[in-house]
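Please keep the sequence and the model at hand while reading.

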Amino acid sequence: MSSAIHLRFVIRDSTLPEHIKERLLALQDQRLSKDGVLIIKAQQYRTQEQNRQDALQRLQQLVDSVSHEQKARRASKPSYGARQRRMDSKSLRGKIKSLRGPVRD
């Protein structure tokens, strides 16, 4: 008895916003056909209902992953206090290392 589910999601005909459709179509995913159909195969569970829920959940995760827009990174500089603490720790470390030399009588 086969309980696998093949979920076919036609991206172009969906009601998703256009920018999400474009991102989904731009994915380099082997589950995406040339016609813009996303095919998700779920066969992890023993019942079709659980596999259907799993396929829908994986589709939701995929849509959520492309809908999240990353913030633009901006260059920043360390504060004056952070630079001072860094230099103090480097000086302290250098003093500790200078004591590791050979013992002199």
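The model is predicted, so local features need pLDDT of at least 70 and side-chain atom pairs count only at pLDDT 80 or more, while totals for chains, interfaces and linings use all residues. Residues are numbered from 1 along each chain as its sequence is written, and side-chain values use heavy atoms, with hydrogens and water left out.

Helix α1 spans residues 18-26, where a helix is a DSSP run of H or I with at least four residues, numbered from the N terminus. Within α1, I20, K21 and L24 are buried, a term that means under 20% relative accessible area with a 1.4 Å probe and protein chains only, whereas exposed means over 50%. Viewed down the axis of α1, its buried residues fall within an arc of 100 degrees, so they line one face of the helix; the arc is that of the directions from the helix axis to the C-beta atoms. The face turned away from this buried side carries the exposed residues E18, E22 and A26. The buried residues of α1 pack against α2, residues 48-67.

| Residue | Helix | Relative accessibility |
|---|---|---|
| K21 | α1 | 10% |

How values were computed
Helix = DSSP H or I, 4+ residues; strand = E, 2+ residues; numbered from the N terminus. Contact = heavy atoms within 4.5 Å.
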